[in-house]
Amino acid sequence: TSNKRTLRTLYRPAALPPPVISETSPSQKKLLGYHRGKEQQEVLNHLLIDRALEVYYITMDETDKRDAAPPATELPSTVRKPLTILSFQADYLFMKNRVQRNPMIPIQQQWLRSMLALVPQSLMEGRDRELLTEELLKEVVRDYEKSMQRCVLRRLLVKPDIKELNKLEEEAPLPLLPLGLDFSSTWRYSYIKAKQQIVSTLHILHPAMKALLDFGYTAFFNFLLVDFSSSRLKGPVDCKSLKTDASLSCSKAEEEIMSTWYPRVVGFFSQSEALDGVKLDQLESFYNCVAVLMSNQLKGLLQRTTEVFVKLFDPEDRSRLPLFKMDLTYDENRMEFYPSLQDLEEAILFVVDCIGQTLQHVQTIRAWLTGGTATVDAELPPHIAQWAKSTLKKSIRDNLEGPKEHFKGYVESYGWLVDGTAEERINRFIAEQPSFDEYT
């Protein structure tokens, strides 16, 4: 009707640029071409605005449409942003549709055959099982193609950060590989084979190994090669006495171990009952297991003794810190500590070396029975020795700050008396031939 406004009456039709037909020079052609381009761009802008206004008018309520004023040539500011978002959505969905229509790389038949090879044959017998297998393979192919399509899409297109687009596309995240599982190789058979080999060669469950553990626990539970925990109560010690005490203590501890624990172990494995269930071709691996277990026990003893000694120098607990006797000496016009601070450090680190050199000549049970010379590996682990020495050096350096300041105070107060400065001043005073009063 004439009194009802429609989209056709609300918006004027687009005006095309008038044709230009004339004989013009090159300069005029260039100028006219510039003007024609501007006019075409302006017409294109009018077309886009008209289309946007149509969309805007369609989305309005009926009440808003009745009260709406005649359309302007510019979009309201509240409409520009939604239209921009709508344009991004349209572009993204168009490109996504194009990418999804591209053919994907099909799954290789060799992969499907490898999957079927992992299924036990007993689970594939029967007609129903065959149909189930076919359905599972089809499901695998569908999941593969879907995953490939999503991966290619995420690799080629950057999804714009638009909430409305997220509502249109509700996709689950890509599946993650299970943590701690590796399906790149058939590990089950190699695992079973390795387990059988371990059970047949390590003999860790043999009753003799339990008895050997009991012997070690009884002998080493509350035993240390060197124990200086009560040295602070005895008063200050000099460096030479510290070295002597450490050597004697390690020597006595080794003699005690070799006269109690070792004979008990040798006596047990000398009996035929200790080899029950061990085949003749397994004797070597059996005795190797015994040697490793003895090695672990001796190494544990050395490591525990070292850790207890290092703990005496803990900077946070100085209640058991050993006291060392040091003299402040004066010799040849020079004041110094005796023994020197370096000698003190060497004496303390000597204890760690002394512990590491203990129990290094314990014969293996196999060598003792056959008259061989092989010994148990009882060396203090290098990383433990390195940790102990570095910790002790730092603690010694921190604890010697007090003596160093004490020595520095002596030098500053009385050093001029012993380094020749006082004698030089006296000689200069006498050479000046002072009066009696000046002498006084």
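Student: Of the 440 residues of the protein chain, what percentage count as buried?

Tutor: In this predicted model, 25% of the 440 residues count as buried. The label requires a relative accessible area under 20%.

Student: What makes L359 a buried residue?

Tutor: The relative accessibility of L359 is 0%. Buried means under 20%, so L359 counts as buried. You will find L359 in the loop between α12 and α13.

Student: What stands out about the backbone of L359?

Tutor: Its phi is near 60°, a positive value in a residue other than glycine. Q433 also has a positive phi, near 50°, and is not a glycine either.

Student: Is Q433 buried or exposed?

Tutor: Q433 has 68% relative accessibility. Exposed means over 50%, so Q433 counts as exposed. Q433 sits in the loop between α16 (421-431) and α17 (436-439).

Student: Which peptide bond is cis, and how do you know that?

Tutor: Look at the bond from Y338 to P339: omega is near -5°, and the bond is cis. P339 belongs to the loop between β2 (335-338) and α12 (341-356).

Student: Let's turn to charges. Why is the pair K299 and D377 called a salt bridge?

Tutor: The closest N and O atoms of K299 and D377 are 3.1 Å apart. A salt bridge needs a Lys or Arg side-chain nitrogen within 4 Å of a carboxyl oxygen of Asp or Glu, so K299 and D377 qualify.

Student: How exposed are K299 and D377?

Tutor: K299 has 23% relative accessibility, and D377 has a relative accessible area of 44%.

Student: How many salt bridges does the structure hold?

Tutor: There are four. Among them are K210 with D214, at 3.5 Å from N to O, and K394 with D398, where the closest N and O atoms are 3.2 Å apart. In general, side chains of opposite charge can pair when their charged atoms come close.

Student: Why is K210 called exposed, and what label does D214 get?

Tutor: K210 has a relative accessible area of 56%, and the cut-off for exposed is over 50%, so K210 is exposed. D214, with 38%, is partly exposed.

Student: What about the accessibility of K394 and D398?

Tutor: K394 is partly exposed, with a relative accessible area of 47%. D398 counts as partly exposed at 34% relative accessibility.

Student: D398 in α14 also meets α15, I gather. Which residues make up that contact?

Tutor: R397, D398 and N399 of α14 meet E401, G402 and P403 of α15. By class, the contact has one nonpolar, two polar and three charged residues.

Student: How are the axes of α14 and α15 arranged?

Tutor: They come within 4 Å and cross at roughly 35°. Helix α15 spans residues 401-418.

Student: What makes up the nonpolar surface patch?

Tutor: L328, Y410, Y414, W416 and L417 make a patch of about 470 Å². Helix α15 gives the most to the patch, with four residues.

Definitions and conventions:
Residues numbered from 1 in each chain as written. Predicted model: local features only at pLDDT ≥ 70, side-chain atom pairs only at ≥ 80, totals over all residues. Heavy atoms only, no water. Buried < 20%, exposed > 50% of the residue type's maximum accessible area, 1.4 Å probe, protein only. Axes fitted to C-alpha atoms, helices over the stretch in contact; angles between N-to-C directions. Helix = DSSP H or I, 4+ residues; strand = E, 2+ residues; numbered from the N terminus. Contact = heavy atoms within 4.5 Å. Nonpolar A, V, L, I, M, F, W, Y, C, P; charged D, E, K, R; others polar. Patch = residues over 30% accessible without salt bridge, like charges linked within 9 Å, V, L, I, M, F, W, Y side chains within 5 Å. Areas by Shrake-Rupley, 256 points an atom, 1.4 Å probe, with all protein chains shown as cover.
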